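My notes follow in the order I made them.

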Amino acid sequence: MEKINSFLVIVILCFMCFLKCLDEIRAISDINTDGDALLALKAHIINDPKNLLSSNWSKDTSICNWIGITCGIRHHRVRGIRLTNMSLTGTIPPQIGNLSFLVNFSLLNNSFHGFLPIELSNLHRLKFLKLGFNFFNGVIPSWIGSFSQLQYLSLDFNKFKGGIPLQICNLTNLRRLYLGSNNLEGEIPKSIGNLINLEILSIRRNFIGGKIPLSIGNLTKLRAIDFDENKLAGERDYRRHSGYL
């Protein structure tokens, strides 16, 4: 009986080691997927005047040590891309949608352009999407409303056109929404009142018309709002705070 028990212990230990090896292999595979997505982004950057990425984003070093990249401690996956104020020119490749642990994606104040790829809708953990002060164009896609955890959305100072998508009002965790200085038209969705956690709302310098919906009154947490320089009926300056927050 003792021999059988010893054998079972050995089998269990071997199985546990096997599972640990599988986890390590899976982790290596996952981080390689993240690395490939970031290298695709690097390949889509056509101008890097400060040579920040060209000299640093290399397979010779861990991606968690790359400029602008942060990784999670637990899963060792990419959780943050912060490439702000780097004078970069390029487009967002669809491979970015493979960064399934991404929480923070910021390209603020660069010269990125083109459409937003639909693959970004795969980033279900995203809480901060900061794409302001670039040259992105096309319409704001309806899938923007699929980011159920999103708290911060900055699309201002770009070249987006068309209307404000109704789906944006599904982002009930949203606290800051910046859509100003684009070419947006149409009306403010009546369902804007669903954004009950919203603290800052700016759609200034667009071509938004119609009336300001009464549902704005549902946004009891608002502390800054700016509808200035639009075509709203009976337009008045609703700014309670100035500057980029």
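Cavity. I sorted the lining of the largest cavity by class and got nine nonpolar residues, no polar and no charged ones. For the classes, I counted Ala, Val, Leu, Ile, Met, Phe, Trp, Tyr, Cys and Pro as nonpolar, Asp, Glu, Lys and Arg as charged, and the others, Gly among them, as polar. The lining residues are I164, L177, L179, I188, P189, I192, L201, I203 and F227. I noted a volume of about 40 Å³ for this largest cavity, and the structure holds one cavity of 30 Å³ or more.

Basis. The model is predicted, so I kept in mind that local features need pLDDT of at least 70 and side-chain atom pairs count only at pLDDT 80 or more, while totals for chains, interfaces and linings use all residues. Residues are numbered from 1 along each chain as its sequence is written, and side-chain values use heavy atoms, with hydrogens and water left out.

Terms for space. On a 1 Å grid over the protein atoms alone, a cavity is a set of points where a 1.4 Å probe fits but cannot get out; a pocket is an open set with protein on both sides within 12 Å along at least five of seven lines; lining residues have an atom within 4 Å of a point. Grid points are joined across faces, edges and corners, and a volume is the space filled by probe spheres set on the points.

Pocket. I then looked up the second largest pocket, which holds about 170 Å³ of space. I31, N32, G35, D36, L39, S58, K59, T61, S62, I63 and W66 line this pocket. By class, its lining has four nonpolar, five polar and two charged residues.

Core. I took a nonpolar core as a set of buried Ala, Val, Leu, Ile, Met, Phe, Trp, Tyr and Cys residues joined through side-chain atoms within 4.5 Å. The largest one has 59 residues, and I81, F105 and L153 have the most contacts inside it. At least two residues of this core come from each of α1 (2-43) and β3 (78-82). With four residues, α1 gives the most. Helices (H or I, at least four residues) and strands (E, at least two) are DSSP runs, numbered from the N terminus. For L153 I listed contacts (heavy atoms within 4.5 Å). Beyond four places in sequence, L153 is in contact with L129, I144, I168, L171, L174, R176, L177 and Y178.

Sheet. I traced an open sheet of six strands in the order β1-β4-β6-β8-β10-β12, with mixed pairing. β1 (45-47) and β12 (183-184) are at the edges with a single partner strand each, so one side of each has no neighbour in the sheet. Two strands pair if DSSP finds at least two bridges between them. Two bridges join β1 to β4 (residues 89-90), and the two run antiparallel. N47 has T89 in β4 as its bridge partner.

Is T89 buried or exposed? At 16% relative accessibility, T89 is buried, where buried means under 20% relative accessible area, exposed over 50%, and partly exposed in between (1.4 Å probe, protein chains only). L88, in the loop between β3 and β4, is buried at 0%.
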